[in-house]
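Morning, everyone. Please bring the model up on your screens, and we will walk through it together.

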Amino acid sequence: MASNKKYWKSVEELDTNSIVETLQQSEFVEEIPVGDFLGDKETLEDSSTTRRDFLKYVGFSTAAASLAACEGPVIKSIPYVVQPEQIRPGVADYYATTIANGYDFASVLVKTREGRPIKIEPNKMAGSNGGTSARVQASVLSLYDNMRLKSAKVNGAITTWSKFDADVTKKLTELNGAGKEVVLLTQTFASPSTTRLIAEFKAKYGNVRHVVYDSISESAALDAFQEKYGERGLAAYNLEDADVIVSVGADFLGDWQGGGHEGAYAKGRVPKKGKMSRHVQFESNMSLSGANADLRVPLTPSQQKVALAKLYGYVTGGSVGGKLPANIEAAVKKTAAELKKAGSRAVVLTGIQDKGAQAVCLVINEALASKAFNTATPVKLRQGSDAAMNQLVADVKSGKIGAVIMAGVNPVYTLANGEAFGDALKKVDLTVSFTEREDETSAYVSYLGAAPHYLESWGDVEFKKGHYSLTQPTIKPLFDTRQFQDSLLKWMGSTESYYTYIKSTWSTGFLSGSSWNKALHDGVLVTPVVAVDAQEGDVVSSEEAPVSNIGSAVAKLAKATSKGMELTLYAKTGMGDGQMANNPWLQEFPDPLTRATWDNYITMSQADADRLGLSLEQSTFFTEARHDANGGLNGTYANITVNGVTLKVPVMIQPGQAVGSIGMAFGYGRKAGLKTEMQTGVSAYKLYANANTIQNVTIEATEGKHEFACLQLHNTLMGRGDIIKDTTLEVFNTKDARIWNPKPMVSKDHVMIPVDSPDADLWTSFDRSIGHHFNLSIDLNSCTGCGACVVACHAENNVPVVGKTEVRRSRDMHWLRIDRYYSSQDSFIGDVEKKDNITGLGSSLVEFAELENPAENPQVVFQPVMCQHCNHASCETVCPVAATSHGRQGQNQMAYNRCVGTRYCANNCAYKVRRFNWFLYNDNDEFDFNMNNDLGKMVLNPDVVVRSRGVMEKCSMCIQMTQKTILDAKRDGRAIKDGEFQTACSNACETGAMTFGDINDHDSDVYKLKNDERAYHLLEHIGTEPNVVYHTKVRNSNEA
Amino acid sequence: MGSHYEAPIRKPLVTGNKSYHDVSVDVARPVEGRANKQWWIVFSISLAAFLWGIGCIIYTISTGIGTWGLNKTVGWAWDITNFVWWVGIGHAGTLISAVLLLFRQKWRMGINRSAEAMTIFAVMQAGLFPLVHMGRPWLGYWVFPIPNQFGSLWVNFNSPLLWDVFAISTYLSVSLVFWWTGLLPDFAMLRDRAVKPFQKKIYALVSFGWSGRAKDWQRFEEVSLVLAGLATPLVLSVHTIVSFDFATSIIPGWHTTIFPPYFVAGAVFSGFAMVNTLLIIMRKVCNFEDYITMQHIELMNLVIMLTGSIVGVAYITELFMAWYSGVEYEQYAFLNRATGPYAWAYWSMMICNVFSPQFMWIKKLRRSIMFSFIISIVVNIGMWFERFVIIVTSLHRDYLPSSWTMFSPTFVDIGIFIGTIGFFFVLFLLYARTFPVIAQAEIKSILKSSGDKYKKTSESHE
């Protein structure tokens, strides 16, 4: 179709010799007078373009060209094409949801900004499990983990869900036909809908077994409870109703039986009308609970059993044999007397993983008719059965099982013989695992279902009987993930989504007329206990004989002895069972007791360490032993052997560890699906034979020196009684506050005046009575040291993670830390007395050196310390550029962009709360944590600036939160109610130890607390007048 | 200046039968001659150290202060130690040139030029540290009260660091002007002797057209006296203000009213030690034994002994006050200094600063060149430790035991310090080859009263 037609615009163009052609040939119509221009010197001199001008033009054009070549960083941002109605940029939305990952269960509020969840907050409407632990607070970061499994996989290759479903359904049908058993191996969901769903799945596929598996088992307690009360659950304890709390090896302030006891416990620990609860702890490892106890008796795990038996004997009036050292025997006897005296206002808890012991504990509480003990609404947070799991392992190995479908479990990591189980799994026809990352188990499984994070999921939870809670997604799934439950529905051929399934479970079950929308809004629903009670998991009879006769169980306990050392495995406050091991906030979270980060280790008493040659000498100028020259703590290594399994583990000297026992934390030593930086520690699950946390162990020293990264290198208070004010209930009740909470005095004209008197003031004071004046009150009595505030602060304020080597160099960036002190004498009061009685140089040399070492079984105290926001701040006067100055509302403010980084303020801070940006902590491959990738940066709070290298930073008293509250109230034209002002830490504090508010509001709680007679300021004698108030710690030394 | 008569029992300050011309020739010799091998060796080593220091500074500024050994508890260590050490060293120059001028101590004339040069070079080293220790040194100009467009942002006049800025910059400028004023007649001498046109042009420039008229000399004397009057308070004020960095803080071991006099005495002490170190070498290398005589060294040793004793009294007073105050934090701070993990630094300081200068009571020792040299080095080491002890041992264990930790330097800390020593010697060595290192005009003014040639003549006339 080509055409040879020629188009022309004018007649001239047609004519080949016309001017048009000539013009087309030459670019310039007129000749350029180059010759005139350059050839003639005269014209050149006449030219207006001089040589200088020419150079200017060349210079300019070169500069312009090179500048144009420099391209600024291009940041692509896509605006909303259609603005979502519910999202207002800059305004946070809150959604109620529930975390239920099999280990942590909590009803929470999720703060979302521009559609991104950025912060977890406690759901204060929840009746139970409304608190957020450090792990729950940190869980939001796990959402933005770029090591997550991003799509379904078959034998390691990425696949589509439709293919995945087709394969699995086909195999399930085949297996159904072949009559082979299908096993659902799941975490504890405690979910009414999932229980119903699994029942329907069983109905559909016939030969289905449901095994519930908890990585850290509470099976003994569940079995004992089930046997006694016919229902699989755990007794509910409300420690607020107990005046005497006796715990035998139960770390109930930690994760014992699902946790969640600290709120109620703390309420009873604050002296009211001269009364507070008394807490006696018998334990081997130094736990959070033991650290908070009024009386802590260290004893080995086998002695715990005897002690529990004897306690039973004394309480019920029988006599129980068994041998205990005289001092422990006396303590048990006294404690029993206290229990009996308190009667129904007493409670006994035990964490011994033994069905007999758990049964005895139940009986003791019944005998006491304890009001704090409730069996009508059992706790559902642990459902796993050791017997069922053992059966499953045996069946898988013997090849009886046709399919194993796992959800929320990682048995290859958490089983003592995990690899053997994994190898056996390979022989199973169909293996499916729903997991958030390619974990240890994934390597042995053919079908990997990418599971969503809980913030992307639907779900429901029954914390305890009648206490329901809902999980709703707060963001569209980031990756191509699908829930286990949705998958089950698919495989059952249902077109329903899990969301509608939950809705129907609720409306037919226990919603009973109340609104679904309201339940979803509140996140929680409490019903009278009549609701459906489906059994989660299949019943498997325990291998152990039922505890028919409590007497024989007691006798068995009383006979407990051990040969050699005993190991108690425990879960760390930060790491729990280890499923969030890739979360840098949790890795850098210091253990409340050892204050070590990025590590696990065995905890050992000084006496045992000396005996076994595992103790390092003090460092000198010439030798680096216990500490490096930069202060970093070192430890020896030990080979520990349990049932033929040997691990090389670093040794941490733990004051209060019972002689003859060691402890080791679960949750470490993971490798699969973790960044290199997060692959810390050694897996204690390898020693978790028979799911028993207590094991006999042999220990021998081995070569090598371990480098710990501890936030706190000095453990004692050195008798400095004005840092922690500490008194006994007796003194508190009988003596004047001036005795136990003396106000420091200074001399003016030879007259003693209080240090906060205006006469003692060098400064011109301002009128602070106008507007708001913020104070934060911290009660040392109710602070359990749980560290939820530490992570909450981390999340709210975009605090960087710096990694193990930097922490070891004392460069952690935490704005809020919880100092932990051990007493050097039996009590802190003893320390102060010892220091006060020092006379002369010789005595001070010796006794101060002694005060540096903690006692064998020390008293412990936790003290959260953040910027004290001094009204007379020593940092403010020394900054040459006035980068830190005082706010109108009492805060000490830090203008990051004004800071030149002299660090003078940090040096001159008596509280050492200022943190310097030694390096660039974001977008820096040296610090490859969440702030080094775009996904991880999603968690950043847009209201708080990310600090640059070279500037000082510190607690701002969450000024972004207080300003929001003020502006909201202003917009609404109303006064601010007490309790509306919060900081991240006070909001996260479940025990109510931290109270924040405006002291210019004289009706506020914080005003009352500030003027309480227990109130004092940290290092008050310096005269800094902080806006953070502490409350004297009162210990209940009254022996009933 | 002074009378032309001096008591015969006074030791001559210029030996070797020098005439006016001899003085000119001697002073001009290092400038006009060629550098010898030793000079090149020392210069190369210094230059290498200087370049290494520059490398460490570049690394620090590009990567962050984290390359140093500092931590959350110890926010200053080698940086400010070096700063105070160098500022302290600088003190001798002003003391010699200004205070001794006012007191008409003629022995200063042999040494003041180099002492002042040392001051200026030391203050330059000192000034480096406040700049590089900043987290964001590129914003360092914010410490100056300059008009700006950041709003009504102004510096914080309460901050001792700001006072430092003023103190050090005043000190540097006054010292520089004073030094240069003294140099004018000497540069003019070099100009007049110079044969190469380039040299002549340069020396003509730097001598600011000195013509040697009577009016020049009259103005020279007046200006010298006025500047001496201005500089004298600076001897006291600069280190007083540096000590305020610590004294006005609230940290036990820093918060001490004794610091101003204690720091000034320590500064003079270390300054004289450094002058001794430099001049003992210089008199040998440049053949200045006739101008920097044993008498000069002995007098400087006496100043070292006196100020060393003052410093010793200050140390003991601190300990006494800690005990007498009854403040437990203060008591612990000093107990920790003397017996804690940094006791080795404390006792190094005590031995170097308090014990070693006491040997100067013995005449034989203080007139020994070798011994004087060794003591001068020991004192400089001791004074470095003094600042390290004050800064690090006070910070590493302050109020809350939870924050107690230790400090250990990295190679960068050490590298920058070595770099400043290198820089200092590079400057000093260049100075020694291009400047009249002895104030020859002033020496000439006392030649007839204190020169041994004339002293002998006058004795013979009596």
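This is a predicted model: local features need pLDDT of at least 70, side-chain atom pairs count only at pLDDT 80 or more; totals for chains, interfaces and linings use all residues.

Let's start with one pair of side chains in chain A. Glu283(A) and Arg296(A) form a salt bridge, with 2.7 Å from N to O. Where do the two partners sit? Glu283(A) is in strand 10, residues 278-283, and Arg296(A) is in strand 11, residues 295-298. They are 13 residues apart, so this pair links distant parts of the chain.

Is Glu283(A) buried or exposed? Glu283(A) has a relative accessible area of 4%, so it is buried. Arg296(A) comes out at 8%, so Arg296(A) is buried too. The cut-off for buried is under 20%.

Why might such side chains pair at all? Side chains of opposite charge can pair when their charged atoms come close.

Now a second pair. Arg915(A) and Asp812(A) meet in a salt bridge, at 3.6 Å from N to O. Here 103 residues separate the partners. Arg915(A) lies in strand 36, residues 915-916. Asp812(A) lies in the loop between helix 27 (804-808) and strand 32 (817-822). How covered are they? Arg915(A) has a relative accessible area of 1%, so it counts as buried. Asp812(A) is also at 1%, and Asp812(A) is buried as well.

Asp223(A) is buried, at 14% relative accessibility. Arg232(A) is buried, at 6%.

Salt bridges can also join up. Look at Lys964(A), Asp968(A), Arg971(A), Asp972(A), Arg974(A) and Glu980(A). These residues are linked in a network of salt bridges. How many salt bridges does the structure hold over all chains? The total is 71.

For contrast, pick out Ala68(A). This residue is in helix 5 of chain A, residues 51-69. Its relative accessible area is 65%, so Ala68(A) is exposed. Now find Glu1013(A) on your screen. Ala68(A) and Glu1013(A) are 945 residues apart in sequence. In space, C-alpha to C-alpha, they are 69 Å apart.

On to chain B. How many helices and strands does chain B have? There are 16 helices and zero strands. Its radius of gyration is 23 Å, close to the 23 Å that the globule rule gives for 462 residues, so chain B is as compact as a globular protein of that length. Along the principal axes, its C-alpha atoms fill a box of roughly 75 × 55 × 45 Å.

What is covered, and what shows? Of the 462 residues in chain B, 60% are buried. The chain exposes about 18,200 Å², and carbon and sulfur atoms supply 71% of that area. Now the contacts. Take those in chain B between residues at least 6 apart in sequence: 82% of them join residues at least 24 apart.

Let's zoom in on one helix. Helix 15 of chain B, residues 440-450, is mostly covered. Nine of its 11 residues are buried. Among them are Ile443(B), Ile446(B) and Leu447(B).

Next, the surface. Which residues make the nonpolar patch of about 680 Å²? They are Trp347(B), Ile351(B), Phe355(B), Phe359(B), Trp361(B) and Ile362(B). Take Trp347(B) from that group. Trp347(B) sits in helix 11 of chain B, residues 343-355. Its relative accessibility is 43%, so Trp347(B) counts as partly exposed.

Last topic: where the chains meet. The size of an interface is often given as the accessible area lost when the parts come together. Between chain B and chain A, the buried area is about 5,100 Å². Carbon and sulfur atoms give 56% of it. Which residues of chain B lose the most area to chain A? Lys72(B), Arg136(B) and Leu400(B) do, together making up 15% of what that side buries.

Now count the residues. In chain B, 65 residues are in contact with 65 residues of chain A. Five salt bridges run between these two chains. One more to find on screen: Asp398(B) forms a salt bridge with Lys912(A). The closest N and O atoms of that pair are 2.9 Å apart.

That's my tour. Over to you for questions.

Methods. Residues are numbered from 1 along each chain as its sequence is written. Chains are lettered from A and ligands numbered from 1 in the order in which they are written. Side-chain values use heavy atoms; hydrogens and water are left out. Patches are made of residues with over 30% relative accessible area and no salt bridge: like charges are joined within 9 Å, nonpolar side chains (Val, Leu, Ile, Met, Phe, Trp, Tyr) within 5 Å. Accessible areas come from the Shrake-Rupley method with a 1.4 Å probe; for residues, only the protein chains shown count as cover. A salt bridge is a side-chain nitrogen of Lys or Arg within 4 Å of a carboxyl oxygen of Asp or Glu. Helices (H or I, at least four residues) and strands (E, at least two) are DSSP runs, numbered from the N terminus. Buried means under 20% relative accessible area, exposed over 50%, partly exposed in between (1.4 Å probe, protein chains only). The radius of gyration is taken over C-alpha atoms; the globule rule is 2.2 Å times the number of residues to the power 0.38. Contact means heavy atoms within 4.5 Å. Buried area is the accessible area (1.4 Å probe) that two parts lose on being put together, summed over both.
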